[in-house]
Amino acid sequence: MSPNLEPLLTAVQKNCHLTDALHAGDYTLCVYLLKMREYYRWEKGFSFSTALSPADVGNWLREREQYWESLEHETFVDLPVNGDRYDPFDSETLNRILNPEGFVYSAGMGQQGRPHFFLGRLEQRQTRENFTLLISADEYARDLAAPPAMAQGQTIFVRRESLRRMIWEKIEEWRWNKPDNAMGRAIRCYDFDDDTDTALHEMTEHQIDTVLLHEIGEVMAGAILGQGWEDMLADLPRSRAELSLRAVRDHLADSLSTLPQLIDGRNHAQIHFFFATLTPLRKALAPRLLQSYDDWLVHGTLQSLTDYCSSAQSHWRSVTERILDCHQRGGSLDDIQALIEANPL
């Protein structure tokens, strides 16, 4: 990275530490320890095949938690670029400046109001009909969560390095007990036993396509739902209802883009991984989707999944419209949650 961007890097990483200080406790203990171990790997520059010293990781973890405690009363800092300072959430302006220099920056709000920041090397920029795609490679600053993809308005950010690390975390988690599940089936599509690096590279390349399809669906869903949906999320406190709303929108996005394309492509590894990464909440809302996966495993045909997709778009669009109407009429969190739970597919 250019020395001229070192102040920017420092400021972005400071904001990443601040969001971690606020939200690291959102994870269960097991997930937190796994994510911190991989955060340590990234920060120290170790490869995925490097065995980490438990003592070194433990010492680093204690120091990091002490540092987070020292940030209790600090606020997000503006970002210095070319002698000027910019709001850390002004991704659009910052990317107009940084993209021509070969860098990409993103800031946004994730689940439960968690801010996300990252600064990386711009690998690819594409302008398509309805959105701009920015794909990053190496990451110079990131927070603990490091979501591998995010749609912000008409811009889609895909983070290759974060996706690779997320996949590695899923693999490591699966290896604890090696259950016979969708994640195990996805892993067996690649040669992780004899060539981990190549297998991880191939899996990442395939899943970049999948996460991009989902984010395209997010852009499509945003065009349908309008600003009212975002305003509703902003109105809600951190709650189960917020998580349910995001799960409903994810189902709508996948019915619009991800699932139709996965079915057409018939890439078994991508389909397995899609089901491996469904959250428990999303599974609870779409039992028919899970049944379609089971039917595929038993019968070897994707017809059940095709049938699900034929009704999913209209179903989830109808549910989102009813949710918005409920909110606009002054419905409570309990009303919204009840509406969602009463309309699974």
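Here are some notes on a predicted model, for someone opening it for the first time.

1. Ground rules. Residue numbers start from 1 along each chain as its sequence is written, and side-chain values use heavy atoms, with hydrogens and water left out. In this predicted model, local features need pLDDT of at least 70 and side-chain atom pairs count only at pLDDT 80 or more, while totals for chains, interfaces and linings use all residues.

2. Start with strand β7. Helices and strands here are DSSP runs, numbered from the N terminus (helices are H or I with at least four residues, strands are E with at least two). Strand β7 covers 155-159. In β7, 4 of the 5 residues are buried, so the strand is largely enclosed by the rest of the structure. Buried means under 20% relative accessible area, exposed means over 50%, and partly exposed is in between (1.4 Å probe, protein chains only).

3. Who pairs with β7? Two strands pair if DSSP finds at least two bridges between them. β5 pairs with β7 in the parallel sense, over 5 bridges, and T132 has T155 as its bridge partner in β7. Strand β6 (residues 149-152) pairs with β7 too, in the antiparallel sense over 4 bridges, and M150 stands opposite F157. β6 and β7 make a hairpin with 2 residues between them, and G153 in that turn has a positive phi of about 65 degrees.

4. The second largest pocket. Some terms: the search uses a 1 Å grid over the protein atoms alone; a cavity is a set of points where a 1.4 Å probe fits but cannot get out, a pocket is an open set with protein on both sides within 12 Å along at least five of seven lines, and lining residues have an atom within 4 Å of a point. Grid points are joined across faces, edges and corners, and a volume is the space filled by probe spheres set on the points. The second largest pocket has a volume of about 300 Å³. It is lined by 15 residues, and S91, E92, N95, T155 and F157 are the closest to its centre. Two or more lining residues come from each of α4 (91-98), β3 (103-109), β5 (132-142) and β7, with α4 giving the largest share, 4 residues. The lining divides into 4 nonpolar, 7 polar and 4 charged residues. For these classes, Ala, Val, Leu, Ile, Met, Phe, Trp, Tyr, Cys and Pro are nonpolar, Asp, Glu, Lys and Arg are charged, and the others, Gly among them, are polar.

5. The cavity. How many cavities of 30 Å³ or more are there? The count comes to 1, and about 60 Å³ of space lies in the largest cavity. F157 turns up in its lining, and so does M150; others there include S106, H116 and R159. β3, β4 (115-127), β6 and β7 each supply at least two lining residues, and β4 gives the largest share, 3 residues. By class, the lining has 7 nonpolar, 3 polar and 1 charged residues.

6. The largest nonpolar core. A nonpolar core is a set of buried Ala, Val, Leu, Ile, Met, Phe, Trp, Tyr and Cys residues joined through side-chain atoms within 4.5 Å. The largest one has 40 residues, of which W229, L245, F275, L289, Y308, W316 and I323 touch the most other members. Elements giving two or more residues to this core include α7 (196-225), α9 (240-265), α12 (287-299) and α13 (303-328); α13 gives the most, with 9 residues. A second, separate core of 27 residues includes F131, A186, A199 and A269.

7. L289 is in helix α12 and is buried, with a relative accessible area of 1%. Contact means heavy atoms within 4.5 Å. Not counting residues up to four places away in sequence, L289 touches Y308, H251, L259 and L345, among others. Under that same exclusion, Y308 touches residues including L289, H251, L259, L345 and W316.

8. R160 sits in helix α5 (residues 160-175) and counts as buried at 15% relative accessibility. Leaving aside neighbours within four places in sequence, R160 is in contact with E123, S136, A137, T204, E205 and I208. L18 lies in helix α1 (residues 6-23) and is buried, at 4% relative accessible area. L18 touches L71, E74, T75 and F76, not counting residues up to four places away in sequence.
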